[in-house]
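This report considers a single protein chain, with attention to its side-chain contacts and surface. The sequence and structure are shown first.

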Amino acid sequence: MPQITEYTDEELEAAEETISERIWGLTEMVPPSAYTAVNTSYAGGKALVRFVKSSVWIITTSLVVLAFPVALEAERVNMEISREAEQRQALFGQAQPPPL
């Protein structure tokens, strides 16, 4: 036969407590200095993320604007040299080094 347990009024009151009331009770246990430390860390992290995002944007756009045209021009020059070498080979029968 199961044993019947009697609860006191205080125990019943604690059992009827909502989750939001329990969370609010937990906030009262944390000292204000902890809130300040967490808030400062959050603000610092947020500023760091903003700085990194801006830096990545600046570096990426600079590379696209400055380095991409140079790389395309270098590839075009290499293609032209290769085409000239193929023409020389077709005309003379053997590959000759391009004049310097």
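Does E84 count as buried, exposed or partly exposed, and at what relative accessibility? E84 counts as partly exposed, at 31% relative accessibility; buried means under 20% relative accessible area, exposed over 50%, and partly exposed in between (1.4 Å probe, protein chains only). Its salt-bridge partner R88 is buried, with a relative accessible area of 16%.

The model is predicted: local features need pLDDT of at least 70, side-chain atom pairs count only at pLDDT 80 or more, and totals for chains, interfaces and linings use all residues. Residues are numbered from 1 along each chain as its sequence is written, and side-chain values use heavy atoms, leaving out hydrogens and water.

The chain contains 3 helices and 0 strands, where helices (H or I, at least four residues) and strands (E, at least two) are DSSP runs numbered from the N terminus. Mean pLDDT, the predictor's confidence from 0 to 100, is lowest in helix α1 (residues 9–15), at 67, and highest in α3, at 93.

There are 3 salt bridges, each a side-chain nitrogen of Lys or Arg within 4 Å of a carboxyl oxygen of Asp or Glu.

| Salt bridge | N to O distance |
|---|---|
| E73 and R76 | 2.4 Å |
| R76 and E80 | 3.2 Å |
| E84 and R88 | 3.9 Å |

E73, R76 and E80 are linked in a network. E73 and R76 are 3 residues apart in helix α3, and therefore separated by about one helical turn. E84 and R88 lie 4 residues apart in helix α3, about one turn.
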